[in-house]
Amino acid sequence: PFKDPDPFEMFSFQFERPNANNTNNDDDDNNNNNNNKPININIRGYKTDADEVWQSTGLTLWRASDYLCHYQMENVQLFQNKRILELGAGLGLNGILAWRSTLGSGSGSEVCITDG
């Protein structure tokens, strides 16, 4: 049993694409051209201060993942045409971002996310 009756929270992230032309053009949705739109990711997991975080290797958001996500977006070209493997992913934020940032780019990238 958990000490906190609701040990979960929703984590929401928005990542701007490099050189994004942030126009709100409805034609982009119709043409499936989402390469300039920000990447929004919502993940549900243990609260970062929940006692259960220390009893689990998964279901949590690792603090370093935020730094790595920003690095990924600043260097998205490093992930093009690559096989990407995230080991010990926790909630998988970095792997999801790697997949979303290369999706539709024709890069041929593959992403595999694992956790204990």
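Reply: Start with Ser 101, which sits in helix H3, residues 93-102. Keep in mind that this is a predicted model. Is Ser 101 buried or exposed? Ser 101 has a relative accessible area of 7%. That is under the 20% cut-off, so Ser 101 counts as buried. Leaving aside residues up to four places away in sequence, Ser 101 touches Arg 17, Ile 39, Met 73, Val 76 and Gln 80.

Now the rings. How many aromatic pairs does a search of the whole structure find? The search finds two. One of them joins Phe 8 and Tyr 46. Their rings are 5.1 Å apart, centre to centre. Phe 8 belongs to strand S1 (residues 8-15). Tyr 46 belongs to strand S2 (residues 39-46). The pair therefore ties together parts that lie 38 residues apart in sequence.

The two partners can be taken in turn. Phe 8 is partly exposed, at 22% relative accessibility. Tyr 46 is buried, at 7%.

Next come Phe 13 and Phe 15. Their ring centres are 6.0 Å apart. Their planes meet at 10 degrees, so this pair is stacked. Both Phe 13 and Phe 15 are buried.

Finally, go back to Phe 8. Arg 44 lies over the face of the Phe 8 ring. The distance to the ring centre is 4.4 Å.

Notes:
Residues numbered from 1 in each chain as written. Predicted model: local features only at pLDDT ≥ 70, side-chain atom pairs only at ≥ 80, totals over all residues. Heavy atoms only, no water. Helix = DSSP H or I, 4+ residues; strand = E, 2+ residues; numbered from the N terminus. Buried < 20%, exposed > 50% of the residue type's maximum accessible area, 1.4 Å probe, protein only. Contact = heavy atoms within 4.5 Å. Phe/Tyr/Trp six-rings, centres within 6.5 Å; stacked < 30°, edge-to-face > 60°. Lys NZ or Arg CZ within 6 Å of the ring centre and 35° of its normal.
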